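Here is a short report on one protein chain. Keep the sequence and the model side by side as you read.

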Amino acid sequence: MATTTNVRRTEAEIAGFQASPELSAALQQVLVDLIELHLQGKQAHWNVVGTNFRDLHLQLDEVVDFAREASDTVAERMRALDSVPDGRSDTVAASTSLPEFPAYERSTGEVVDLITGRVYAAVDTLRSVHDTVDAEDPSTADILHQLIDGLEKLAWLLKSENRKV
């Protein structure tokens, strides 16, 4: 006859893997840059004018959608690791590494350059935190790889709009 024992798991056993302060800070920086990229992409989308307007207008929505979904993925990963994401507008404005986006209408050519630069700035953040993240949590580093791949593809598609051959 088999016997069962009542084994109570400790709080630490129930909690699972938890992000260190360094991992949390790295993911927080990625998060604010993705949120800022989403907001700047929308600003550009609303205010772009000129040649090839419609195509660029739609292409900007692809950047916005990618950045929004990516920020949600990062924030939810942070929560899964018992870290607390902070996506409040004042936090984003105070801590993003993306350059400020200029106000008013902007030509399609200028918007291509501005948004491509911001996409690459977000990629720079991802790459700068990658090794720290990978050392502690390779699963989260895999998420960063996917984001880098997606953002670099979007940047290539955007910057090709201004390329002269």
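His130 sits in helix α5. This is a predicted model. Is His130 buried or exposed? Its relative accessibility is 14%, so His130 counts as buried. The cut-off for buried is under 20% relative accessible area. Set aside the neighbours within four places in sequence, and His130 is in contact with Ala141, Leu144 and His145.

His145 has a relative accessible area of 36%, so it is partly exposed. Now pick out Ser128. His145 and Ser128 are 17 residues apart in sequence. In space, their C-alpha atoms are 12 Å apart.

## The protein as a whole

How many helices and strands does the protein have? There are six helices and two strands. Along the sequence they follow the pattern α-α-β-α-α-β-α-α.

Next, the overall dimensions. The C-alpha trace spans about 80 × 35 × 25 Å along its principal axes. The radius of gyration is 20 Å, whereas a compact globule of 165 residues would have one near 15 Å.

Of the 165 residues, 41% count as buried. Residues 24 or more positions apart account for 80% of them.

## Helix α3

Helix α3 covers residues 53-80, a run of 28 residues. From its first C-alpha to its last, α3 reaches 41 Å. That is close to the 40 Å expected at 1.5 Å a residue.

Which residues of α3 are buried? They are Leu56, Gln59, Leu60, Val63, Val64, Ala67, Ala70, Ser71, Val74, Ala75 and Met78. The elements that cover these buried residues include α2 (21-47), β1 (48-49), α5 (108-136) and α6 (138-159).

Leu58 is also in helix α3. Its relative accessibility is 40%, so Leu58 counts as partly exposed.

## Helix α6

Helix α6 has 22 residues. It reaches 31 Å from its first C-alpha to its last, close to the 32 Å expected at 1.5 Å a residue.

The buried residues of α6 are Thr140, Ala141, Ile143, Leu144, Leu147, Ile148, Gly150, Leu151, Leu154, Ala155 and Leu158. Ala141 and Leu144 are also among the contacts of His130. What covers the buried residues of α6 includes α2, α3 and α5.

## Where α3 meets α6

How do the axes of these two helices cross? The axes of α3 and α6 come within 11 Å and cross at roughly 170°. That angle makes α3 roughly antiparallel to α6, because angles over 145 degrees count as roughly antiparallel.

On the α3 side, the contact is made by Leu56, Gln59, Glu62, Val63, Phe66, Ala70, Thr73, Val74 and Arg77. On the α6 side, it is made by Ser139, Thr140, Ile143, Gln146, Leu147, Gly150, Leu151, Leu154, Leu157 and Leu158. What kinds of residue make up this contact? They divide into 11 nonpolar, six polar and two charged.

## Positive phi angles

Start with Asn52, in the loop between β1 and α3. Asn52 is not a glycine, yet its phi is positive, about 65°. At 33% relative accessibility, Asn52 counts as partly exposed.

Go on to Asp82. This residue follows α3, and its phi is positive, near 60°.

Finish with Tyr104, found in the loop between α4 (89-95) and β2 (106-107). Tyr104 has a positive phi of about 75°, although it is not a glycine. Is Tyr104 buried or exposed? Its relative accessible area is 67%, so Tyr104 is exposed. The cut-off for exposed is over 50%.

How values were computed: Residues numbered from 1 in each chain as written. Predicted model: local features only at pLDDT ≥ 70, side-chain atom pairs only at ≥ 80, totals over all residues. Heavy atoms only, no water. Helix = DSSP H or I, 4+ residues; strand = E, 2+ residues; numbered from the N terminus. Expected span 1.5 Å × (residues − 1). Buried < 20%, exposed > 50% of the residue type's maximum accessible area, 1.4 Å probe, protein only. Contact = heavy atoms within 4.5 Å. Axes fitted to C-alpha atoms, helices over the stretch in contact; angles between N-to-C directions. Parallel < 35°, antiparallel > 145°, perpendicular 65-115°, else oblique. Nonpolar A, V, L, I, M, F, W, Y, C, P; charged D, E, K, R; others polar. Rg over C-alpha atoms; globule rule 2.2 N^0.38 Å.
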